Structures are given as structure tokens and as C-alpha cells.
Amino acid sequence: MATLGPESARPAVPPLGSSPAAQAQPPSRGLERALEEAAASGVLNISSRKLKEFPRTAANHDLTDTVEADLSKNRLTDVPSDVCSLVALETLSLYHNCIRTIPDSIIGLQSLTSLNISRNQLGSLPACLCGLPLRVLNASNNKLVSLPETIKQLQGLMELDISCNEITALPRHIGRLKALRELNVRRNLLCVLPEDLADLPLVKFDFSCNKVSTIPVCYRKMKQLQSLQLENNPLQSPPAQICIKGKVHIFKYLSIEACRSEKMPDSLYLPVMEKQDSDSGVGSDNGDKRLSATEPSDEDSLSLNVPMSHITEEEGLSKDDSSEHISSLTVCDHVTCVCVCVQGRSAADFDEPLRIDEDSHWPTEQTHKSLESVDPQFTMRRKMEQLREELELMEQLRDSIESRLKVVLPEDLGSSLMDGVVLCHLANHIRPRSVASIHVPSPAVPKLSMAKCRRNVENFLDACRKIGVPEDKLCLPHHILEEKGMVKVSVTVQALVDEASSQHTLLT
């Protein structure tokens with residue numbers, strides 16, 4: 001048997017630890033590739049790599065031109081200083097890490113417009129963060145209890161998400177963020193909404209899952225607001241039955257509340273009716289007389305103390321003449337105008353309070369104007385009745401369209417009708433082919449141009465004329481296109497439906 005030589009006796013695998021080079025672990029090839037691509041493209045993506053610090057091998061690559069960096073879903077405990085030195089950075093995502101603080105050195109990122117630091121462990125935001133030209137800031141799912149007062153410096157901020165924190169109040173200067181379009185404060189501890197938000201051009205506003213009980217009436221001025229999320233709040237004004245109906249009903253309620261909250265005196269003080277010019281012929285030496293605007297002492301009459309001695313002196317009547325019938329004596333003051341008819345009373349009787357009864361023949365229009373000028377609650381009631389009528393007409397308009405076309409219209413009824421498409425389909429439903437051509441949106445062009453919208457609206461109005469809708473019940477094109485006359489649009493649609501029903505009845 002042949003014996004094995006020294007060469008064949010070597011082990012097949014070299015023992016571990018035979019050399020220091022064998023012990024060194026090579027860097028991840030995937031991480032190196034990501035750094036190489038960042039140096040070439042300017043986009044750094046090292047997310048989901050369980051990193052506890054910024055890769056040390058990044059020093060071997062030129063990352064100075066990096067404009068976008070994604071370090072999300074790692075195990076970073078702070079913002080790496082290497083990241084703060086990337087001065088060309090425009091977008092930075094640190095989502096889902098373990099970051100507790102943000103260093104002041106982040107102020108060096110003067111090109112940064114989008115910052116995502118959500119789902120970390122931040123207890124506060126540094127004031128220096130507000131010195132960046134941010135347009136998007138997402139700090140949701142942290143442990144924030146407040147926002148810095150310097151947030152007013154973010155004049156270019158368009159989107160702010162601070163949901164799922166422990167914030168108890170918004171900063172008082174948040175109304176200075178004049179570019180803000182989207183605000184999400186969901187799931188915090190807010191009890192009061194600042195009125196300054198009404199001045200912002202918000203398109204989306206989410207304050208659901210808070211402790212808000214009242215929506216300020218000034219929020220009705222948010223004309224650009226399209227999405228309003230307010231569920232899971234102990235709201236009392238507006239009540240829940242209004243809130244579940246959507247934004248349109250909420251804003252109508254706020255408008256009514258705004259009318260109610262206008263400054264109205266509980267009662268009015270009538271000025272002293274002193275001697276006027278010889279044209280008036282009526283005076284009084286009494287002191288100020290208090291007259292309740294809401295609870296008059298008599299439903300049909302008004303009592304005033306008017307000594308007739310002044311009347312006889314001003315009119316040049318003797319005491320004997322005063323016993324004659326004094327007809328058509330008009331007493332005018334700042335409150336209302338009534339006709340006084342005094343018959344068969346002597347001058348001695350005029351020491352007693354004179355009861356002045358309203359003339360039933362007084363023109364009703366002048367009476368209404370007088371009441372409006374004197375009783376603010378009378379005007380308030382009229383405004384509330386008008387708003388209530390508008391709500392009813394809008395609901396009637398919605399029901400008329402939805403029941404006939406078998407569709408569900410969006411919450412904002414005005415915007416869904418402004419392109420004229422739905423109205424043209426309604427006219428064709430009532431009388432087929434009454435609108436020969438309808439411009440409709442397409443996936444490529446989801447929104448019609450104003451010229452096509454106008455043609456749709458004009459075609460609809462022409463169809464209404466053909467069907468027989470009277471001219472006095474036709475709305476104008478701008479009522480539909482600009483959403484400024486929805487009540488008149490409702491009248492037009494109702495007249496169209498009624499005309500179709502009457503023609504159907506005649507045929508049957």
C-alpha cells in the first residue's frame with residue numbers, strides 16, 4: 001500500500017483564524033451598490049437595512065450631489081451628521097426609525113423641501129427646523145406635545161401632517177402659513193380649533209379623533225375646502241345629526257350660527273322725543289323709555305307717555321281745540337312710525353299715558369323696513385328662514401336628479417353640476433335627444449375646459465326652452481358655472497321636471 005506524501009496530507013479547508021484577513025467581514029454588496037448608484041444618480045436609497053448608523057464606506061463615494069435620500073425603516077437613533085452635510089438634498093425620509101432628537105446641524109440643508117420624520121420617538125421639533133424652505137413636513141406618529149412657535153416662519157409650507165401625537169393646542173400663529181393646503185391633526189388631544197385657520201386656503205383638513213366640541217363659525221369662510229374629516233369628536237356645535245350629512249350642511253349650519261351670534265342688544269333704548277322742528281309737531285319731556293325689541297308690552301299696540309300740552313303748543317291749538325278730533329297725526333321716531341288718532345279727549349286727559357294704536361292701513365312694506373331697522377332678531381329670523389329654504393331647495397334639487405338618473409351625486413352639489421354634464425343627461429332623460437351633443441370628461445382629460453362646460457350649460461338651457469320651461473324660471477349660465485346661484489338652478493330644474501310631468505299627464 002502506498003503511503004500518503006506530505007502534500008496530500010494538507011487539510012481540504014484552511015482553519016479559521018489562520019490569517020487576520022480571513023476574519024474581516026466584507027461590507028454588504030447591496031449596500032455598496034446603493035452607494036455607487038447614489039453617486040451616479042443623486043438618489044440614495046438605503047431603506048430597510050437595519051442600519052444603526054450611516055454607512056462608514058459612504059466616505060469612499062462622492063455623495064455631495066445627492067438630492068433625494070431614503071433612510072426609512074432602519075434603526076437609527078439620531079439624524080446622521082453625514083446626512084446633514086448633503087447640502088443639495090431636497091427630499092429626506094427618516095420614516096420608521098428610533099430617532100429621539102433632531103440636531104441643529106440640519107439647518108445646513110437649505111435646499112430641503114420635503115421632510116418625513118414620521119413614526120419615530122420625537123418629543124419636540126427644534127426651532128431651527130422652521131428655518132428650512134420646507135413645503136412638505138410629516139411628523140406624524142411621534143410623541144410631540146406641541147409645535148414650536150417659530151412654525152410661522154414656514155411661509156412655503158403646503159402640507160403639514162402632525163397626526164397621532166399628543167398635541168393639546170395648535171400654535172397661535174399657525175394662521176400665518178398662507179401657503180398651507182393640507183393640514184392633518186388627526187388623533188391628538190385638541191380641544192379647541194384656532195379661528196386663524198379660517199384664513200388659510202385649506203383644501204384638506206382632518207381633525208378627527210380629538211376632543212373638539214365646537215367648530216368656529218368663521219370656518220364657513222373656507223371656500224376652497226374640499227375634504228373635511230371630523231369624526232370621533234364630542235361635537236355639540238354643529239350637532240352630530242348635522243355633521244353626518246357632510247360639509248355642505250355643516251357650512252350652512254355655521255352660516256346660521258353666525259347670524260345668531262351677531263351682536264344684538266337685548267333691548268333698545270328709545271331716545272327722548274324732544275321738541276322737533278315745527279314740521280314734526282310732536283315732543284316729549286319724559287326720560288329715556290326702555291322698549292324691549294323682543295317682548296313688546298302689547299302685541300298690537302305701543303304705549304308712550306306723550307303729554308298733549310306740547311302738541312297744542314307746537315300746533316298752535318287751544319285747549320278747546322284739542323278736544324276736537326285730531327286725525328292723521330303721525331308720530332315718527334327712530335324706532336317705528338304709527339298713526340295716532342285721538343278722538344274726544346280733553347286736554348286734562350292728556351296727563352295720563354296715551355295709548356297709540358298702530359293703524360292697520362299703514363303700508364306693510366314700510367312696516368317691514370321699520371321692523372328690520374329696529375329689531376335685529378326680526379332680520380335674523382328672515383335670514384334663517386332664507387337659509388332654511390335654500391337647504392330645502394338644494395335637497396329637492398339633489399333628489400330630483402338622483403331619482404331620475406339613478407346616480408349618487410357628490411356631497412358638493414354645485415361643483416358636480418358646474419360642467420353641465422349631469423344637467424344635459426337630465427334633459428335627455430326627460431326628453432330624449434333634446435341635447436344632441438354633450439362634452440364629457442375622459443381618463444386622459446378628467447376635467448373639461450371652461451369653454452366646453454359653457455357649451456354644455458348653454459345646451460341644457462336651450463333644451464329647457466324647447467321642453468317649455470318659462471323664461472322667468474330659467475337661470476343664467478353663470479349661476480351654474482360659478483356656483484353662485486344654486487337656488488335659481490334648483491328652480492329651473494324643478495320647472496323642467498314639472499313641465500315634463502304636465503306634458504306626460506296631457507298625453508295620458
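User: What makes Thr 492 count as buried in this model?
Analyst: The model is predicted. Thr 492 has a relative accessibility of 0%. Buried means under 20%, so Thr 492 qualifies.

User: Which residues is Thr 492 in contact with, leaving aside its neighbours within four places in sequence?
Analyst: Phe 460, Cys 464, Lys 473, Leu 474 and Cys 475. A contact needs heavy atoms within 4.5 Å. Thr 492 itself sits in helix 14, residues 486–507.

User: Why is Ser 400 called buried?
Analyst: Its relative accessibility is 9%. The cut-off is under 20%, so Ser 400 counts as buried. Ser 400 belongs to helix 9.

User: What does Ser 400 touch, not counting residues up to four places away in sequence?
Analyst: Val 493 and Gln 494. There is also a C-alpha distance to note: Ser 400 and Ser 490 are separated by 9.3 Å. Along the chain they are 90 residues apart.

User: How do you know that Glu 402 and Arg 398 form a salt bridge?
Analyst: Their closest N and O atoms are 3.7 Å apart. The rule asks for a side-chain nitrogen of Lys or Arg within 4 Å of a carboxyl oxygen of Asp or Glu. The pair therefore meets the rule.

User: Where do Glu 402 and Arg 398 lie, and how many residues apart?
Analyst: Both are in helix 9, residues 376–405. They are four residues apart, about one turn of the helix.

User: Are Glu 402 and Arg 398 buried or exposed?
Analyst: Both are buried. By this rule the protein has six salt bridges.

User: What makes Asp 462 and Arg 465 a salt bridge?
Analyst: The closest N and O atoms are 2.9 Å apart. The limit is 4 Å, so the pair counts. Both residues lie in helix 12, residues 450–467. Three residues separate them, about one turn of the helix.

User: Why is Asp 462 called partly exposed?
Analyst: Asp 462 has a relative accessible area of 36%. Partly exposed covers the range between the 20% limit for buried and the 50% limit for exposed. Asp 462 therefore belongs in that class. Arg 465 has 38%, so it is partly exposed too.

User: Why does Glu 471 count as exposed?
Analyst: Glu 471 has 51% relative accessibility. Exposed means over 50%, so Glu 471 passes the cut-off.

User: Which residues are linked with Glu 471 in a network of salt bridges?
Analyst: Asp 462 and Arg 465. The side chains of Glu 471 and Arg 465 meet at 2.8 Å, N to O. That is within the 4 Å limit, so this pair is a salt bridge as well.

User: Why is helix 11 described as largely enclosed by the rest of the structure?
Analyst: Helix 11 covers residues 421–430. Seven of its ten residues are buried, so the helix is largely enclosed.

User: Which residues of helix 11 are buried?
Analyst: Val 421, Val 422, Leu 423, Cys 424, Leu 426, Ala 427 and Asn 428.

User: Which residues of the largest nonpolar core touch the most other members?
Analyst: Leu 92, Phe 205 and Tyr 219. The core holds 73 residues. Helix 2 (29–41), helix 3 (81–84), helix 4 (240–243) and helix 5 (247–260) each give two or more residues to this core. Apart from it lies another core, of 33 residues, including Val 421, Val 435, Met 486 and Val 493.

User: What does Phe 205 touch, not counting residues up to four places away in sequence?
Analyst: Leu 183, Val 185, Leu 193, Leu 197, Tyr 219, Leu 225, Ser 227, Leu 228 and Gln 229.

User: How do you know that strand 8 and strand 9 pair?
Analyst: Three bridges join them, in the parallel sense. Pairing needs at least two bridges, so the two strands qualify. Lys 204 stands opposite Ser 227 in strand 9.

User: What makes strand 1 and strand 9 the edge strands?
Analyst: The open sheet has nine strands in the order 1-2-3-4-5-6-7-8-9, with parallel pairing. Strand 1 (43–45) and strand 9 (227–229) each pair on one side only. Neighbouring strands of this sheet are turned by 5° against each other on average, direction ignored.

User: How many helices and strands does the protein have?
Analyst: There are 14 helices and 15 strands. Of the 508 residues, 41% are buried.

Note on methods: Residues are numbered from 1 along each chain as its sequence is written. This is a predicted model: local features need pLDDT of at least 70, side-chain atom pairs count only at pLDDT 80 or more; totals for chains, interfaces and linings use all residues. Side-chain values use heavy atoms; hydrogens and water are left out. Buried means under 20% relative accessible area, exposed over 50%, partly exposed in between (1.4 Å probe, protein chains only). A nonpolar core is a set of buried Ala, Val, Leu, Ile, Met, Phe, Trp, Tyr and Cys residues joined through side-chain atoms within 4.5 Å. Axes are lines fitted to C-alpha atoms, for helices over the stretch in contact, and angles run from 0 to 180 degrees between N-to-C directions.
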